[in-house]
Every structure is written in structure tokens, then in C-alpha cells.
Amino acid sequence: MRHIIKILLVLTILATLTSCQNQNATDTTQRQPVKVALSAEINPPYLYTDQNNQFIGLDMDYMKLLEQKLPQYDFQYEVGQEESNLIGIGAGKFDMGINWFFKTPEREKKFLYQDEPYSYSLTMLAVHRQNQDIHQLDDLVDKKLTPMAPSGGLFSILSQYNKTHDPSIPLDIIQNPSNGDHLKMVGQQRRDAMFINWNTYTAIQKELQQDVKIGGIVTKEPIHIIYNKEHQQLHDDIDQATRELKAEGELQKLSRKYFDIDIYQDLETINQNKAELEVN
């Protein structure tokens, strides 16, 4: 009798394992593959590579959270040049792309944009360490900014400002600006301020250690995933998952991990705590 019971137990265990394996195989085949375009151009802290040349950063941590929230999808990552990726998303080669994308009128005609931003880019004014009178865009009307590329997103922000403000901010144009050289201009007081993304400022200042500081955080620019226009359901599911991750505090944890502050706070609060953003 004991021998029979042991055989029955073994058969039950084998049947259970077989059932689980079949279920896992079914789950795998039922998951919808999603091709995700990643940019080969690294952009810390959002996307960069570790010592093993594996992609890491805020974007990848966010995607891991989405993988847990959305087990019906099988996210598959491919790396390419950003412009090629955008063409690929529009043509259906990729389903979506993640790489610090801002909304632009031109791109909104071609792609679906995430409605629930997963993060923000802080734009700021870098000033000389002794400067006490430049904190916001309104303070720049009689000041000299470092030159800017006319095709860049930062130039677009200032151009929009100038359309609705009088007097306007004087803008100097250069086709291939050097962020390092321009930060040196501010440190040497040859220019009054530099309009720059906070993460770019941090990376350069760590290396150059110029006599500069954050005059003020000016804007929070939403960062979005972009999708091929045929993927409305994928768009909606990721938006819902992103709302849940914010409600659970998971995205706030990522913000503190990579920025040392809660980037979802309002600009006034962020500026009150801007000392935490300085390079030490």
C-alpha cells in the first residue's frame, strides 16, 4: 500500500510540473511581443551603459517596472541611431521608443505620445557663483546668454518665451555649440548665464569644476514614450501602468535614486531645494 501511495504521489507531482510547464509555455506564446527602440547615444541618467556594456539608467528601471505591471507584453529591446529609430517607429519596424523624448508639433503628427509622462527634464540657468540676480527667464532681458543651436529644444523654449514677452531675451545662434566651452564662459564671467538641461550641467560640471552654480530651475519638460500610431492599446496600457506606479510611489523612488529629489514636485518646491541638485 505504501508503495502504491508513493507511486501516486510521484505521478501527481509529475502531472503538476507538466501542467505548470505547459501553462508557462502557453503564457509565453500568448504574450504580445513589443519591439522597443533604444538610442545608441547615451544620455545619463536616463540611459547609459555599465562596465559590461549593458543599458542601465532611469529609462531601463522604468521599463522593468512596466514589465512587472504588464505581463501580457514581451518587451524586446533593439538599439539604433535616434533618427533611424524614429523612422523605424513611424514605419512599424518598432512599436515604441524610449529615449528622453519631448513633444514637438512635428512629431505629434507622426507618432502617438505618452499622455502620462514617466519623468521630467529640468532646464536651468547656470550662472557665476557670485551672481545673485539671475533666477528665472524674466531676469535675462538685459543679460548675455551663451550661444545656442537654432534646432535644439532649449532654443525652442526660449523662442516660445520671446513670442509672448516684451522685452525679449537676446539670443545668439551657433550651429555646433560646445557645452563645456560655454560653461567656461560663464565661469570666467564672459557671459552672464547658460540655459542648459540639469543633467547635462551636472555631467559637465563634475568634469570641469567651473566657478558656477544653479541660478534657478526654469522649467520641467515632460518626457514621453512615443509609439507607432497603430498601437493605441499599448499606449493606453502603459499610461495606466504609469499612473499606478506614480500612485504607489515607485516613480518617485526612481527620481530620488537618479536626481536626489522628487522631480514630480512643483517648480517652486524644487527651487527651494535646488542646493540638493548642485554638484559637490
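A residue counts as buried when its relative accessible area is under 20%. The legends below describe a predicted model.

**View 1. Overview of the protein, with ten helices and nine strands.** Of the 280 residues in the protein, 45% are buried. The protein exposes about 15300 Å², and carbon and sulfur atoms supply 49% of that area. Among contacts between residues at least 6 apart in sequence, 74% join residues at least 24 apart.

**View 2. The aromatic pair of Tyr73 and Phe75.** Five aromatic pairs are found in a search of the whole structure. One of them joins Tyr73 and Phe75 in a tilted arrangement, with 6.0 Å from centre to centre and 50° between the planes. Tyr73 has 4% relative accessibility, so Tyr73 counts as buried. Phe75 is also classed as buried, because its relative accessibility is 7%.

**View 3. The edge-to-face pair of Trp198 and Phe259.** The ring centres of Trp198 and Phe259 are 5.5 Å apart, and the angle between their planes is 65°.

**View 4. Strand β9 (residues 212-227) and its pairing with β7 (residues 119-128).** Strand β9 is mostly covered, with 15 of its 16 residues buried. Strands β7 and β9 run antiparallel and are joined by ten bridges. Within this pairing, Tyr120 has Pro222 in β9 as its bridge partner. The ring of Tyr120 also has Lys220 over its face, at 4.4 Å from the ring centre.

**View 5. The pairing of strand β9 with β5 (residues 96-101).** Strands β5 and β9 are antiparallel and are connected by three bridges. Met96 is the residue opposite Tyr227 in β9.

**View 6. The pairing of strand β9 with β6 (residues 112-113).** Two bridges hold the antiparallel pairing of β6 and β9. Here Tyr113 stands opposite Ile226, a residue of β9.

Notes. Residues numbered from 1 in each chain as written. Predicted model: local features only at pLDDT ≥ 70, side-chain atom pairs only at ≥ 80, totals over all residues. Heavy atoms only, no water. Helix = DSSP H or I, 4+ residues; strand = E, 2+ residues; numbered from the N terminus. Buried < 20%, exposed > 50% of the residue type's maximum accessible area, 1.4 Å probe, protein only. Contact = heavy atoms within 4.5 Å. Areas by Shrake-Rupley, 256 points an atom, 1.4 Å probe, with all protein chains shown as cover. Phe/Tyr/Trp six-rings, centres within 6.5 Å; stacked < 30°, edge-to-face > 60°. Lys NZ or Arg CZ within 6 Å of the ring centre and 35° of its normal. Pairing = 2+ DSSP bridges.
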